[in-house]
Each structure stands twice: as structure tokens, then as C-alpha cells.
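Take a moment to turn the model around on your screen before reading on. Then let's walk through it together, from the whole chain down to single residues.

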Amino acid sequence: SKGLSLFEVDVHEVATGGKNKTFIQNKTIILKLECTINNESIEFINLLRTYYTRGNNMNIIRVLKKSIREYKRDSILTPVLVAFEALVECIIPLMVANLVNRMQNGCDISVIVKFGVILTVMACFSLLFGALPGIKAANASAGFGKNLRKDLFVAVQNFSFENIDRFSASSLVTRMTTDVTNVQMAYMMIIRTVVRAPLMLIFSLVMGFIMGGRLALIFLFTIPVLGIGLGLVIKKTMPLFRKVFKKYDNLNNSGQEKINGIRVVKSFVREEFEKKKFNEAAEDVCGDFTRAEKILALNNPMMQFCLYVVMIFVLTFGSYLVVNFGGNIIQVGQLSSLLTYSFQILMSLMMLSMVFVMVTISIESCERIVAVLEEKRTISNPENPIYEVNDGSIDFDNVSFKYSKRADRYALENINLHIKS
């Protein structure tokens, strides 16, 4: 029947169009929608409520950090070890530059052996500080994902049918699998790459100006160019990745319907229809991923372009300064270290862009997971529940029942039933 229906949505703001009316009361929005009450309208309201009840980022962090639990130690050790790794990797080019300069000026074999031993020790420390964070990050992220799946499963086990219908079974499966995997990967990047990339960028930029002097000004050109290019790529790909998650739900729903109703499908010879339905959902997901990956593929060419521009500039003008000024302005060792630092700077920017993409993708997953974890059960115990009974007798005295609190009428009213044990 067509009429006016009231729905409450806890949101801060909402945009409505057409003839819809919006009333704001204490940050609670009451939508008065003129619509036909059917499955599509109910699905729309559920989607609207889910979208506009997302918590802020601090609330997401507060909820998700509870799943870290016993893996806090590994989560703290990882960024500390990564910081030492970045420091050692930035010192190695400096030591190599000093060795090259001494060899150019003429030195004993003892000096070469001394620098060789120092560089070997530093390489071992770099290997150690690189391997340990990888192990710790893997343990922390995998453990975090395990706890998060467990928390989601426990939360779903306590749901009523009304709670499950709000999310749908296929959406809950996606949240416990794909979404948790995305959050797990993002968490591993946050505790490792998010720490390493900025430190490498800062250390390499400072060392580049120390070693290269005015030649390092080329970074003031390449870094903004690469940064703007990566920003545009991220801006174009994010909407595509966000759309994929909703299409994952449709894909899982199609597969679930096929499995649950396999006997009906075969009885009515609907295999071809179900195949076509599933292929359309799969191709829809594939299409969005393909468009996003095509745009992301531009990252590597931009990186290579900026890297070769830096190499051409540094080698051309650096060689000119070395040859014409006899190493008074810049020496061969400084020139080689400047190339190394330029590569580290550009690689740090590339890593930051990939981390930003992964974290942005995972934000959508985080919101979907938190929505499940913070969902309030519609069925709860009374103030003084009875857990033990004297016998197995059942007595219903004027019992009424309805599926939802918002329902206007009871499904059953004034039921009187007495079953003796």
C-alpha cells in the first residue's frame, strides 16, 4: 500500500530530494518518505541507515583496537625496528661515498678493509632490522585478523533474525572474509610501511641536500610532480574500490542463493539462468577492478619517469662539476650517493601512495566491520531473567508477539498455552 512511513536514522546530516521531508531532532533525523512499502523500499531504508550511522574514525580505531589484544607487543616492536632499519639504510650510502672519495684520493688497503668491515656489519644490521619487523608485522597482522574474525563471529551468533536481515547473510560473509583481509593487510602496512616510508623520505632528503648541495634542488621538482600524479591516481581509483564492496555482497548473495536452492534450480531447469546471473555479478566486480588497476598501473611509469629525470640531471651536471672543478664542489662519491638517495626518496613516495590506497580501501571495510560489532541486539534478556525452572512445563498467559518493535500490529495476540511436563 502507498502511504507515509516514518524511519529514524541516527546521523549528523542527510540529503534528500524530491518530495521527501527531513526533520532534525537532537542529531536524530526522522525521514518521512512517500514510497511503496515493498522489498526494494525496505532495502533502501536499511542501506540508508547503514550508510549514515557510520562512526567517526576515532570510534573505528577505538572499536578495532580491542581485537589486537595479545599482539600489542609485536605491534609496538615492529615500528621501532623499522625505524632502525631506515636509519641504517640511509647511513650506508654515506659510508660508501666516503670510501669512494678516499679511494679517488689514494688510500691504503687497510682503509678499504676497514670500510668493508663497517659496511658488512651495517648490511647485517640492515638485514636483521629488515627481517625482524617482517616477522613481527606478519604475526601482529595475522593475529589481529584472527581476533577480528572471532569477534565478528561471536557478535553474529548473538544476533536476532532482525539483525541478520538488516545486513543480509551474504554481506555478513563478505565482512568476515574480504573486509577482514583488507583490514589485516592495511594494519600490516600501517605498523611497518607507514613508519618506514616517511622516515626514509625525510632521512634521504636531508642526506641528499648534505651530500649533493644545489644538485639536490632537482628533488623540489620531481617530488611535487610525482606527488601530484600519485594523488590524481588515488582520487580516480578510490570511488571504484568503494563500489566493489557492495558488489561483493551481490556476488556472494548470488552464490549463496544458488547453493541453498540447488534442488529447486535443477527441478525447474534454471541452471543457465543462475549461471548468467552469477556471471553478470562476477563481471561487474571484474570490470571495476580492471578499471581501477588500469589507473593504478600509471604509478610505475610516473616513478620511472621521475627517476630517470633525476639520474639524467644529476649525472649530467654532476659530471660537469666533477670534471671542470676537480672535485672542489662535488666529488664522485657524493655523486653516487646522491643517486642512491634519489632512488630512496622516489621509492618512499611510491610506497606511501600504495599504502594510502590500501588504507583508503580498508576504511570502507573498517566501517562495515564496526557496524556489525556495534550492532545492538533486538532481543535481550529482561532485568531478572530466569535461567532455571523446576520442570519442563510451558505456560503462556496472554502472550503477544511481533517481529519488530516498529510493527504496528502484533503477529500473535493474547496467546494462552499450557503444556505440562
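Predicted model: local features only at pLDDT ≥ 70, side-chain atom pairs only at ≥ 80, totals over all residues.

Residues are numbered from 1 along each chain as its sequence is written, and side-chain values use heavy atoms, with hydrogens and water left out.

**The whole chain**

The protein chain has 12 helices and five strands. Both kinds of element are DSSP runs numbered from the N terminus: helices are H or I with at least four residues, strands are E with at least two. Of the 421 residues in the chain, 38% are buried. Here, buried means under 20% relative accessible area, exposed means over 50%, and partly exposed is in between (1.4 Å probe, protein chains only).

The chain exposes about 25,700 Å², and carbon and sulfur atoms supply 62% of that area. Areas like this come from the Shrake-Rupley method with a 1.4 Å probe; for residues, only the protein chains shown count as cover. As for contacts (heavy atoms within 4.5 Å), take those with a separation of 6 or more: 78% of them are between residues 24 or more positions apart.

**Salt bridges**

Side chains of opposite charge can pair when their charged atoms come close. A search of the whole structure turns up 10 salt bridges. To count, a side-chain nitrogen of Lys or Arg has to be within 4 Å of a carboxyl oxygen of Asp or Glu. Here are three of them:

| Pair | Closest N and O atoms |
|---|---|
| E374 and R62 | 3.3 Å |
| K146 and E70 | 3.6 Å |
| D74 and K136 | 3.6 Å |

Which parts of the chain does the pair of E374 and R62 link? E374 is in the loop between α12 (332-373) and β4 (394-401), while R62 is in helix α2, and the two are 312 residues apart. E374 is partly exposed, with a relative accessible area of 37%, and R62 is partly exposed at 37%.

K146 is partly exposed at 43%, and E70 is partly exposed at 49%.

The pair of D74 and K136 runs from helix α3 to helix α4, so it ties together parts 62 residues apart in sequence. Is D74 buried or exposed? D74 counts as buried, at 12% relative accessibility. There is also a network: salt bridges that share partners join E85, E89 and R196.

E89 turns up again as a neighbour of Q344, which is in contact with E89, C90, P93, M200 and S204, leaving aside residues within four places in sequence. Q344 itself sits in helix α12 and is buried, with a relative accessible area of 12%.

**Cores and a bent helix**

A nonpolar core is a set of buried Ala, Val, Leu, Ile, Met, Phe, Trp, Tyr and Cys residues joined through side-chain atoms within 4.5 Å. The largest one has 23 residues, and L64, F144, L148, I369 and V372 touch the most other members. Helices α2, α4, α6 and α12 each supply at least two residues of this core. A second, separate core of 22 residues includes A216, F219, L307 and I330.

Back to V372: not counting residues up to four places away in sequence, its contacts include F159, F167, L172 and R175. Now, where does α6 bend? The bend is at R175 and is about 35 degrees, taken as the angle between axes fitted to the seven residues ending there and the seven starting there.

R69 has a phi near 45 degrees, a positive value in a residue other than glycine. R69 sits in the loop between α2 (57-64) and α3 (72-105) and is partly exposed, at 34%. V269 also has a positive phi, about 55 degrees, although it is not a glycine. V269 lies in the loop between α9 (262-267) and α10 (271-296) and counts as exposed, at 64% relative accessibility.
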